[in-house]
Amino acid sequence: MSPEALEKFLRDLPRNGTLVKDRGYRQVWRFEFEGRGYYLKFYPRRGMGLKRLFRGSPARREFVRLQALQRAEVSAPRAVAQLVGFRLRGEGGDAVILEAIEPAVPLDQYFTDFNMRGEEIPGRYHLVQEVLHLLHGLGAARLGHDDLHLGNMLLRNGTVYLLDGYAIRFGGLKLKHMLKLAHSVRGLATRSERQRGWNELGPGGRMPMNNPVSGRQWRKFIERTRRENDYFGVLKFGAWRGHFFKQYKYSRRWAPASELRVQAEDWERAWPELWQQIETDKLTVIKRGASGDVMAGAVMIGGRRVEIIAKRSFKRHWYRYVNEIGRGSRAWRAWHKAWALTARDIPTAWPLLVMQKRALGYITDSVIVFERVAGSTLASADLDAMTADDRDMLMRRTGGILRKIDQLGLGHFDAKASNWIVREDEKTGPTPVLVDVDGIRFRRWAALGITRLLRSMRDHSQYTVEDSLALCQGYTPFSKTEIRQEA
């Protein structure tokens, strides 16, 4: 690589390269030079004077830490050069150039793609060993990583590479690093894989019941649902104010709407028409009561026609106008609860939009829109038409979801059979999906949900003792005590 030719090339980086990521404090550019791919990380100096005074140049820190990874023979991008006083688009700063690891795929994306296709991950044991080998290398070199998650690991030709050298820390792997990794593999790694990692890299023994990193990450995600960003947007229409879903980083197989890419213009067109249909009672009524209406319809968003469920809440008592001040309407609370479940990877109807109407500061009307889950409710499902394996799997999965809700510090006060939809999947079998989150509470109440479901299933004409046993075994799969059932 000729330094003179590279300098000339980088003077016009906006034309010669592609901006991959811009976080304000850091820009990532990709470019090709002399037939090879590279990444340039640019750190502007604006507003960073005091921080730079104490911590030095962030580009310099990343360069030094990447060199430490190379000396430790940890698979990572190779640092090519550090640029001091680099100017990009007329702005001064520092930069570091890395060799691109291509072709490659982020490890979390690789796992998620197979899950979306309902396929087994080839060479799964080898990939787990690769991650453990990489982390063993970090620990042996007394290096840690403050942003240790699968999104910061690249997979190329069976080898896992560690990204983001800026997060490397001297002093070895800490418990907080392992907890960050444990959070990122939730829903992707099996229980035995997590236990193996805990035994090899952590203190071993029984894994912690609660991960403090998960709580912080979930709260951070929920905060995004309330403001404008890459994943959620703010919608205003007359006296109506609300929020809508734009996109999700990794789609979920149980929610086709998770693959949507929605713009504000979509709802600016769709909401007036949908509200008119609600007001004129032109949607299909599923449930009507004093506390609200549940209606079915369809909207055009993200370039697709999406079947939806719209829930409009009513106030049965005058004091509801007062006690909703500060806590939001019932629709807003449902929006919060639905995304709290989604962030925890609990299958639930995908929330698309929430709208509230105010007058003199009081909420006078509210609507929440979900994707409609295809299938019948568990209360009306034809259990006898299922194969024995599918039937047993459905019950165990339902019990497993309720166990997960309890383990994560939540409680489901209304987990009756009519609040579940059985979604048919030709590859993964029947999947239970929650469709009414009003009964979710942010406090632990062990076994309340499974007790409510067992009681409601007695009204199902095809419900058997074996179904009850499968539900309980799904809820307590590791219990060694005898479970006594009543039909």
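Why is strand β2 (residues 27–33) largely enclosed by the rest of the structure? In this predicted model, 5 of the 7 residues of β2 are buried, so the strand is largely enclosed by the rest of the structure. Buried here means under 20% relative accessible area.

The strands that pair with β2 can be taken in turn. Strand β1, which covers residues 18–22, pairs with β2 in the antiparallel sense, over 4 bridges. Within this pairing, V28 of β2 has K21 opposite. The hairpin of β1 and β2 has 4 residues between the strands, and in this hairpin G24 takes a positive phi near 85°.

Strand β3, residues 36–44, also runs antiparallel to β2, and 7 bridges join the two.

Another part of the structure to look at is the second largest pocket. The space in this pocket is about 820 Å³. It is lined by 33 residues, and those closest to its centre are I286, V294, I309, K311 and V435. Several elements each supply at least two residues of the lining: strands β13 (284–289), β14 (292–301), β15 (304–313) and β17 (362–371), together with helix α12 (330–343). Of the elements, β15 gives the most, with 5 residues. Sorted by class, the lining of the second largest pocket holds 13 charged, 12 nonpolar and 8 polar residues.

Terms used. Residues are numbered from 1 along each chain as its sequence is written. This is a predicted model: local features need pLDDT of at least 70, side-chain atom pairs count only at pLDDT 80 or more; totals for chains, interfaces and linings use all residues. Side-chain values use heavy atoms; hydrogens and water are left out. On a 1 Å grid over the protein atoms alone, a cavity is a set of points where a 1.4 Å probe fits but cannot get out, and a pocket is an open set with protein on both sides within 12 Å along at least five of seven lines; lining residues have an atom within 4 Å of a point. Grid points are joined across faces, edges and corners, and a volume is the space filled by probe spheres set on the points. Ala, Val, Leu, Ile, Met, Phe, Trp, Tyr, Cys and Pro count as nonpolar, Asp, Glu, Lys and Arg as charged, and the others, Gly among them, as polar. Buried means under 20% relative accessible area, exposed over 50%, partly exposed in between (1.4 Å probe, protein chains only). Two strands pair if DSSP finds at least two bridges between them.
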